[in-house]
Amino acid sequence: MISKMRTSDFEYELPNQLIAQMPAPKRDHSRLLLLDRKTHQIAHRQFLDLPEYLRPGDVLVLNDTRVIRARLRGVNAKTGGEFEILLLEECDLNDWWAMLRPGKRARIGTEIHIVDRARKPSGASATVIETNEEGHRRLRFSGTANISEKLQLLGETPVPPYISRADAGRTPEDVERYQTIYARETGSVAAPTAGLHFTESLLAQTRSRGVEVCFLTLHLGLGTFAPVKVETLTAHKMHRESYSLSEATAGQINEAKSAGRRVVAVGTTTLRVLESVAQQNDGRLRGGKGTTQLFVYPPYHFNIVDVLLTNFHLPRSTLLMLVSAFATPDSLAGREIILAAYREAIQQRYRFFSYGDAMLIL
């Protein structure tokens, strides 16, 4: 079945006050909307209730990527004008693609002096050496042996722009809460937000119910949250992201699928890794490292994932398209089911996006 859906089909109206500006007081005290794929019924719970909806033998798969402090501040070496720099992808030592604001002032050859979080000179500089069609700048850093090793000292937590607090990314709370408790593998410039709700006690409770817990890694780029700008979905070029799937995790999931047990993906990033690898291996998983550009939109056939835990996503985003596909696999009907669930969430005053509430699609 060829999708004739358009980007505008995934638009919805969201009151600004429902965009979560702060995390819930406690990680697992967020709300949880349950969506039954078979009946389309919706129920409202708390995230603390999640273990009740998991079965002994289920495999819960989490993304253990760790967010780097990817937002830097700098000043134009000639004019003193301020820049905000969001590192996107490391090409080589001291060589990064980045998003700069204001971008128009960051022409090739522009030298930027990096400042620390107190806005004092750090001794590091960046020179714009290239631009691309997306408006991103390639930066070559100097004055430091490795800018990556300085990010803990100089950088800010790269919370998304819709978190519009004046102190966004600079508070101790952002440093702690825009990171999962199980984050291990450094490399993301955005958090796998479905995992932000978990606590050690909730994971322990999950395991005590006979649920197997395992991990993979996918490093998120900014494209994860970017809206689709072309009108037809087939014309959209998906961003590339790096992943790592261990042989142990692949074997554990293959065994569960063979036994008819459920695989529960925590987040769209986890789902994309599992379905991407399965697509390359006739429906089964094989451990290894690679990159994925998998774009999931209706209709889509899922080989691995049976249950999806996710947050509420931006209009016109690839993430909203993915959950729409998951709501009714191999069908175009999921879009309206998801948008109806979103309308219900808005009516019930759920909190949206990275620091917002969660949805469990069963």
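Reader: Which residues have the most contacts inside the largest nonpolar core?

Author: The model is predicted, so local features need pLDDT of at least 70 and side-chain atom pairs count only at pLDDT 80 or more, whereas totals for chains, interfaces and linings use all residues. Residues are numbered from 1 along each chain as its sequence is written, and side-chain values use heavy atoms, with hydrogens and water left out. A nonpolar core is a set of buried Ala, Val, Leu, Ile, Met, Phe, Trp, Tyr and Cys residues joined through side-chain atoms within 4.5 Å; buried means under 20% relative accessible area, exposed over 50%, and partly exposed in between, with a 1.4 Å probe and protein chains only. The largest such core has 71 residues, and those with the most contacts inside it are Tyr12, Ile253, Leu274, Leu285, Ile338, Tyr342 and Phe352.

Reader: Which residues of α7 are buried?

Author: Helices (H or I, at least four residues) and strands (E, at least two) are DSSP runs, numbered from the N terminus. Elements covering the buried residues of α7 include β1 (31-35), β2 (42-46), β16 (307-311), α6 (318-327) and β17 (358-361). The buried residues of α7 are Gly334, Ile337, Ile338, Leu339, Ala341, Tyr342, Ala345 and Ile346.

Reader: How far apart are the end C-alpha atoms of helix α7?

Author: The expected span of a helix is 1.5 Å times one less than its number of residues. For the 14 residues of α7 (residues 334-347) this gives 20 Å, and the separation in the model agrees, because the end C-alpha atoms are 20 Å apart.

Reader: Is Asn94 buried or exposed?

Author: Most residues other than glycine have a negative phi. Asn94, in the loop between β6 (82-92) and β7, has a positive phi of about 60 degrees although it is not a glycine. With a relative accessible area of 9%, Asn94 is buried.

Reader: What is the relative accessibility of Asp330?

Author: Asp330 is found in the loop between α6 and α7, and its phi is a positive value near 65 degrees. Asp330 counts as partly exposed, because its relative accessibility is 41%.

Reader: Which residue does a cis peptide bond join to Arg101?

Author: Most peptide bonds are trans. Here omega is about -5 degrees, and the residue joined to Arg101 is Pro102.

Technical notes: Contact means heavy atoms within 4.5 Å.
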